[in-house]
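Subject: Structure for your attention

Dear colleague,

Please find below the structure that I am handing over to you. A short account of what was found in it comes after it.

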Amino acid sequence: MTQDELKTLVGQAALQYVVAGDIVGVGTGSTVNKFIDALGTIKHTIKGAVSSSVASTERLKALGITVFDANEVDSLAVYIDGADEIDHAGYMIKGGGAALTREKIVAALSKQFVCIADESKLVNTLGAFPLPVEVIPMATKRVMQQFSAMGGSCAVRQKDGKPLVTDNGQHIVDVLNLKISDPLAFESEVNQWPGVVTVGVFAHQKAHVCLLGTSSGVKTPPPPLFPLPSWSFDRIEMMRLLQQPAVRLLWCLIGAACGIALALFVVGPTHHPFVLASLGGSTVFLFGLTRAPAAQLRALLGGHLGTAAIGIACAQFLGNSLVAYVAAVTLALGFMLLTRTVHPPAGANPVIMVHAQASWSALLDPVLLGVACLIGVAAIWSRIYPELRTILYHLGNHLHPLSTGVAGPK
């Protein structure tokens, strides 16, 4: 079958989801045009339609189908539209026809979203198709810069040699080279950028059913190859839970405990115990005050190693005397201020080194080894927490895939 024949096939198959006597939501695009043509054959069974674009409205009216304004309805039983890309969870990229904002509005009004497309639109990860973003013209450059910072390649969509103007009077920026592993988070983030009207990721208004036109007929996307058990799992609520301050605090406390435990294991709890206490203070910055200058690698390494070296030097030349303690503290403070490596817990190191009459080997063990343990755990901990959102998204794909049977309307 040709691609046009496949579109006709899914357009006709979508009629089974139309609720008799109701108003149907109608999308935009070449595949939807086939659905509109099929809808014309049963127009006497419906009240009318809510359209997502001027083009679809004109086509509906030409077939004698009444078109209602979105403000005239409270909700719709079903919304039928195409997609430029769709994954197994029902998340989509839409907007190839430049009607993404109105499409998202009608989708939000609907109880069920039925996506109709040909099988080439099914992907594992969104982003191969240029992502449409409707923007206010004066914000175009700024929005493009933000996508470029994410690794995207942007272009303003053109028509007849000029920027295309949408039905809403705005422009479209198409973004290439994106790999959208977490559509929910991506959509939420980009929609917050000043000047963005709508981003073409449909995750919060995802498809509930997808009808794919194939050479062997209309099919729905298969479930994941290795599906997990059908646990009761609300990934959206779990993602929101991860953003709660109490959960973040708990995560930091567990990380701090793991960091100091590793340092104790590597260095030894009885080996220079006062230095381990100093390292314990560093966990406050690494896991709790992560944005403070003292938590940065320069301050952490420079502060600990520099002040420890000053303390060892004073111990070697001045012994365990009052002068040694005063000189060590004074010189350490001056060192951290001059080198901009101020790290408060490291301020105890010169006193500890003089008191322990430490040798130069103490710079390696316990200072450098202890600091390295804390940095390693903190680096892993800070990466794991944001990644939990992506892990939950992919887990959710397995637990709640798209509808896998062609059923009637809910």
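This is a predicted model: local features need pLDDT of at least 70, side-chain atom pairs count only at pLDDT 80 or more; totals for chains, interfaces and linings use all residues.

Residues are numbered from 1 along each chain as its sequence is written, and side-chain values use heavy atoms, with hydrogens and water left out.

Helices here are DSSP runs of H or I with at least four residues, numbered from the N terminus. Axes are lines fitted to C-alpha atoms over the stretch in contact, and angles run from 0 to 180 degrees between N-to-C directions.

Helix 10 (residues 297-318) packs against helix 11 (residues 322-339) at an angle of about 150 degrees, and their axes are 9 Å apart. That makes the two helices roughly antiparallel (angles over 145 degrees). Their crossing is right-handed, a term used if the near helix is turned clockwise from the far one by less than a right angle. Among the residues of helix 10 that make the contact (heavy atoms within 4.5 Å) are Gly 302, Gly 303, Gly 306 and Gly 311; helix 11 contributes residues including Ala 324, Ala 327, Ala 328 and Ala 332. By class, this contact has 11 nonpolar, 6 polar and 1 charged residues, where Ala, Val, Leu, Ile, Met, Phe, Trp, Tyr, Cys and Pro count as nonpolar, Asp, Glu, Lys and Arg as charged, and the others, Gly among them, as polar.

Helix 2 (residues 30-39) and helix 3 (residues 54-62) pack at an angle of about 20 degrees, with axes 10 Å apart. Helix 2 is therefore roughly parallel to helix 3 (angles under 35 degrees). This crossing, too, is right-handed. Asn 33, Ile 36, Asp 37 and Leu 39 of helix 2 meet Ser 56, Arg 59 and Leu 60 of helix 3, giving 3 nonpolar, 2 polar and 2 charged residues.

Thr 57 also lies in helix 3. This residue is buried (under 20% relative accessible area), at 18%. Leaving aside residues up to four places away in sequence, Thr 57 touches Ser 51 and Val 67. The C-alpha atoms of Thr 57 and Val 67 are separated by 6.6 Å, although the residues are 10 apart along the chain.

A search of the whole structure finds 0 disulfides (pairs of cysteine sulfur atoms within 2.5 Å).

Yours sincerely

Terms used: Angles under 35 degrees count as roughly parallel, over 145 as roughly antiparallel, 65 to 115 as roughly perpendicular and the rest as oblique. Buried means under 20% relative accessible area, exposed over 50%, partly exposed in between (1.4 Å probe, protein chains only).
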